[in-house]
Amino acid sequence: MALESTLLRLDTCKVYKLPPLRGAKGHTAKEWNIPNPLKEVKLHVIGVEDDLYLRLITNEGKLFAQSVKIDGRKIAKGEKFLDYYLDKVTDSSRFFVLKIKHTKSKRVISIGIGFRDRSSPTSLNASIDDHLQQVRRQIAYEREKEEEKKNPKKKTEDDDEFFAEFAEFEGPSSTTKELQKKQKQQTLDIFNLEPPPAEGGSTQPEGKKKKKKTKKKKQDAAPQAVGGGGLGAFADAFDDNSGFSDFASGNTQASGGADSNWADDDWGDFASGNN
């Protein structure tokens with residue numbers, strides 16, 4: 001069973017009984033007794049594949065009447081006009097003559113439908129026209145497919161030359177992939193280089209610098225270890241070897257020969273011991 005889709009819903013639609021048609025000009029709404037409609041219903045536009053149906057639904061939700069099948073393909077091909085199914089009156093744009101099929105007798109009769117405002121008939125015409133345009137596009141597509149089957153497109157020499165150029169291209173080889181890896185590694189090595197040293201600084205890594213500093217500390221500590229007493233012991237040893245300790249005790253002859261040198265002093269400071 002074909003799927004149905006609701007294309008439009010109008011909440012207010014009035015149904016009229018048509019008087020006998022007097023001339024060939026068509027129906028006129030002024031002859032319908034507009035203030036006294038036969039029924040006030042809701043109108044739904046239903047799409048079933050390429051076809052359309054106009055359903056009149058009562059306020060209680062029951063089906064009041066349904067139009068005959070509006071054949072979208074026949075209208076799209078120009079075999080029938082929309083006016084055959086839904087015709088406009090000659091004196092108003094808000095009233096139409098609709099062909100319906102009686103639910104019991106299956107007899108086709110015509111009734112009048114109308115709307116209070118002008119937006120409702122405009123929406124009705126637009127929804128029907130959109131559906132018919134879609135059917136026309138579908139028909140045009142099917143015709144193109146049929147023509148392609150009957151007359152398949154032949155390849156030209158230009159097409160062969162165009163694709164022949166691409167046939168010479170080859171995909172990436174293993175050598176190309178290795179070259180790409182090397183280039184990528186070189187790029188990474190450039191970004192991983194250490195920053196240049198400051199002016200006067202060393203270019204060696206930090207680890208090697210720390211090791212050298214440790215060696216220097218050990219060399220500086222060596223003389224202290226030999227003396228056995230730190231700075232105080234070193235000072236005592238220096239005084240003993242240099243003879244400066246004599247000044248502290250006031251013994252100017254302890255150095256052996258040093259007093260003769262002091263006696264010859266022009267100032268006489270050392271001879272008199274007045275320092």
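## Buried rings and exposed loops in a predicted model

Reader: What is the relative accessibility of asparagine 33?
Author: Asparagine 33 counts as partly exposed. Buried means under 20% relative accessible area, exposed over 50%, and partly exposed in between (1.4 Å probe, protein chains only). Asparagine 33 falls in the middle class because its relative accessibility is 42%.

Reader: From which number are the residues numbered?
Author: This is a predicted model: local features need pLDDT of at least 70, side-chain atom pairs count only at pLDDT 80 or more, and totals for chains, interfaces and linings use all residues. Side-chain values use heavy atoms, with hydrogens and water left out, and numbering runs along each chain as its sequence is written, from 1.

Reader: Where is the place of asparagine 33?
Author: Helices (H or I, at least four residues) and strands (E, at least two) are DSSP runs, numbered from the N terminus. Asparagine 33 is not a glycine, yet its phi is positive, at about 60°. Its place is in the loop between β1 and β2.

Reader: Tyrosine 16: buried or exposed?
Author: Tyrosine 16 is found in strand β1, residues 4-16. Its relative accessibility is 1%, so it counts as buried.

Reader: Which residue has its backbone oxygen 3.2 Å from a polar atom of the tyrosine 16 side chain?
Author: Contact means heavy atoms within 4.5 Å. Leaving aside neighbours within four places in sequence, tyrosine 16 is in contact with several residues, including Asn36, Pro37, Leu38, Ile111 and Gly114. A polar contact is a pair of N or O atoms within 3.5 Å; within protein, one must be able to donate a hydrogen and the other to accept it, and residues adjacent in sequence count only if both atoms are side-chain atoms. For the side chain of tyrosine 16, the backbone oxygen at 3.2 Å belongs to isoleucine 34.

Reader: What is the angle between the planes of tyrosine 16 and tryptophan 32?
Author: Rings of Phe, Tyr and Trp (its six-membered ring) pair if their centres lie within 6.5 Å; planes under 30 degrees apart count as stacked, over 60 as edge-to-face and the rest as tilted. The whole structure holds five aromatic pairs. Tyrosine 16 and tryptophan 32 make a tilted pair, 5.9 Å centre to centre, with the planes at 40°.

Reader: How many residues apart are tyrosine 16 and tryptophan 32?
Author: Both tyrosine 16 and tryptophan 32 are buried. Together with Phe95, they form one aromatic cluster. Their pair links distant parts of the chain, strand β1 and the loop between β1 and β2 (39-48), and the number of residues apart is 16.

Reader: Which residue's side chain joins arginine 118 in a polar contact of 3.1 Å?
Author: Arginine 118 is found in the loop between β7 and α2. Its relative accessibility is 57%, so it counts as exposed. Beyond neighbours within four places in sequence, arginine 118 is in contact with Ser93 and Arg94. The side chain at 3.1 Å is that of serine 93.

Reader: Which residue has its backbone nitrogen 3.5 Å from a polar atom of the aspartate 51 side chain?
Author: Aspartate 51 sits in strand β3, residues 51-57. Its relative accessible area is 17%, so it is buried. Not counting residues up to four places away in sequence, it touches Ile46, Lys69 and His131, among others. The backbone nitrogen at 3.5 Å from its side chain belongs to glycine 72.

Reader: What is the relative accessibility of serine 120?
Author: Serine 120 has its place in helix α2, residues 119-150. Leaving aside neighbours within four places in sequence, it is in contact with Leu10 and Phe115. Serine 120 counts as buried because its relative accessibility is 12%.

Reader: What share of the residues of the protein chain count as buried?
Author: The chain's secondary structure comes to eight helices and seven strands. Of contacts between residues at least 6 apart in sequence, 51% join residues at least 24 apart. Of the chain's 275 residues, the buried share is 21%.
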